[in-house]
Amino acid sequence: MVYQSERLRHAYAGRTVLDIARLDVNAGEVLALVGPSGAGKSTLLRLLNFLETPTSGTILYQGRLITGHVPLEIRRQVTTVFQRPALRRATVRENVAYGLRLRGIPLDGAVDEMLGRLGLLPFARQPAHTLSGGEMQRVAVARALLVRPRVLLLDEPTANLDPYNVGMIEEIIRADNAERGTTVILVTHNVFQARRLAQRTGLLLSGKLVELADTATFFNSPADPRTAAFVRGEMVY
Amino acid sequence: MERGCARDIQLNDIARGLEQAIRLILAADPELLGIIFLSLRVTGLALLISTLAGVPIGAGLGLARLRGHGLITAILYTGMGLPPVVVGLFVYLMLSRSGPLGVLGWLFTPSAMVAAQTIISFPLVTGLTMTAVRSVDPALRVQVRSLGATRVQEAWAVLAEARIGVVAAIVAAFGGIISEVGAVMLVGGNIAGRTRVLTTAIVLETRQGEFAFAIALGVILLALAFTANLALLRLQGKL
């Protein structure tokens, strides 16, 4: 088990945005969390990436209780690819290699290999901010994967991207999960993407985890009527 | 007719001034070189002190979310608009024989000029650095942390993103103090060979009707400011 969380609650200015009784994440699985905007999906990822401390409740990471200050060696096992890729004012290669530089790991052929896998080699020396949205997101994915995280958190990584970029990003995530056993937690509006990638899928509504099941059950025979409605594409709040 | 004559004379002076400027520069006139050297020394030293103190403080203010940062910002922005002559008066009173710092014996020395120019440039460097750091995309900071940066690495990454703004802050401060006259005139006294800099020399030469020499000095002052801006554009990759 990578994460075990209990009575996890998070509030901003007194308003509760996340309130999950229990969430366990298995090592090496791809877990998708779907739900409408404002459901608390991104907040949950920030807590799991130790970017924020929950208002109350507990998070165990690999059996270790996470409180206040999180040791660097644990923080460096988890990384997030956000919906909007935040790139540095530098070349594509420098951006992709940035996580390794932070860790003081010497750059070797791995950078070029990763650039090649995501079709970025032709742009390697180009300033990152001159790329298209899809290319920028591929840079962000390459940068995250190059640090070989144990847990990869994906916050709407392919929202607003064209099918070519979506396919390329999904393929490398699938491959990394299969080859290295990376645990992936994917937050998405796109139920089709959840179905394509995840072994388990959960529905978050108004900060609460309505249902979490293996992906086939979630989509084919959901237990909760709200899940059934969401899967059918109906408006659910 | 008379008016036209006066204009001819002025245009003549400008032409002669430019010609003399080139001649003085090419001849490496010792008096001129002394004035240029002192200007650069005073301004350079004031800028160095302001940069060494102002960049870290500005970066810290930009990165931290201090209680009352609005008040700090207001104070800094007010400091950025300090009238040099008021700063000169303040430094003069501090350093005059009966002032609290009179024992230093700095009045009418380059040290007093450096002190005055430091007071003028420090808020500029600090305030503009703070603004540059605050304007860095907050998402980048979160992303850098998510990639496993330490606090120092995170601060460094933000500062690196703000580097063009920080350089602009330093160049703006340079432009502000190399061209100011009120403060250095008051605390330096414009003493030939000791505290005469480009701006105070221009005032003196103009008052004495030595327009050509004044114009020569003006051209050099402009050339220095132009060079500083060229360096900025180069750093921004726009040249």
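A cavity, in the sense used here, is a set of grid points where a 1.4 Å probe fits but cannot get out. Keep that idea in mind as we walk through this predicted model, because a pocket is a bit different: it is an open set of points with protein on both sides.

Let's start with chain B. Taken along the principal axes, the C-alpha atoms of chain B fill a box of roughly 75 × 50 × 35 Å.

How many cavities of 30 Å³ or more does the rule count? The count comes to one, and the volume of this largest cavity is about 60 Å³. Its lining is made up of B:Ser39, B:Val42, B:Thr43, B:Gln117, B:Ile177, B:Ile178, B:Glu180, B:Val184, B:Val197, B:Leu198 and B:Thr199. Three helices of chain B each give two or more residues to that lining: α2 (30-63), α8 (163-178) and α10 (198-207). Which of them gives the most? That would be α2(B), with three residues. Sort the cavity lining by class and you get six nonpolar residues, four polar ones and one charged.

Next, look at where the two chains meet. On one side, 19 residues of chain A make contact, and on the other, 17 residues of chain B. About 1700 Å² of area is buried between chain A and chain B, with carbon and sulfur atoms giving 50% of it. The rule also finds 14 residue pairs in polar contact across this interface, counting pairs with both residues at pLDDT 80 or more. On the chain A side, the elements that give two or more residues are α2 (72-75), β6 (78-81), α3 (92-102) and α5 (133-146). Of these, β6(A) gives the most, with three residues. By class, the chain A side splits into nine nonpolar, three polar and seven charged residues.

What about salt bridges? Across the interface of chain A and chain B, the rule finds one. Zoom in on A:Arg84 and B:Asp137 to see a salt bridge between their side chains, with 3.0 Å from N to O.

B:Asp137 turns up again when we move on to the pockets. The second largest pocket has about 300 Å³ of space. It is lined by 14 residues, and the closest to its centre are A:Pro85, A:Ala86, A:Leu87, A:His129 and B:Asp137. Its lining has seven nonpolar, two polar and five charged residues.

Finally, there's the largest pocket, with a volume of about 520 Å³. Which of its 22 lining residues lie nearest its centre? They are A:Phe50, A:Gly68, A:His69, A:Val70 and A:Arg75. The largest share comes from β4(A), with three residues. By class, the lining of the largest pocket has nine nonpolar, seven polar and six charged residues.

Note on methods. Residues are numbered from 1 along each chain as its sequence is written. Chains are lettered from A and ligands numbered from 1 in the order in which they are written. This is a predicted model: local features need pLDDT of at least 70, side-chain atom pairs count only at pLDDT 80 or more; totals for chains, interfaces and linings use all residues. Side-chain values use heavy atoms; hydrogens and water are left out. Contact means heavy atoms within 4.5 Å. Buried area is the accessible area (1.4 Å probe) that two parts lose on being put together, summed over both. A salt bridge is a side-chain nitrogen of Lys or Arg within 4 Å of a carboxyl oxygen of Asp or Glu. A polar contact is a pair of N or O atoms within 3.5 Å; within protein, one must be able to donate a hydrogen and the other to accept it, and residues adjacent in sequence count only if both atoms are side-chain atoms. Helices (H or I, at least four residues) and strands (E, at least two) are DSSP runs, numbered from the N terminus. Ala, Val, Leu, Ile, Met, Phe, Trp, Tyr, Cys and Pro count as nonpolar, Asp, Glu, Lys and Arg as charged, and the others, Gly among them, as polar. On a 1 Å grid over the protein atoms alone, a cavity is a set of points where a 1.4 Å probe fits but cannot get out, and a pocket is an open set with protein on both sides within 12 Å along at least five of seven lines; lining residues have an atom within 4 Å of a point. Grid points are joined across faces, edges and corners, and a volume is the space filled by probe spheres set on the points.
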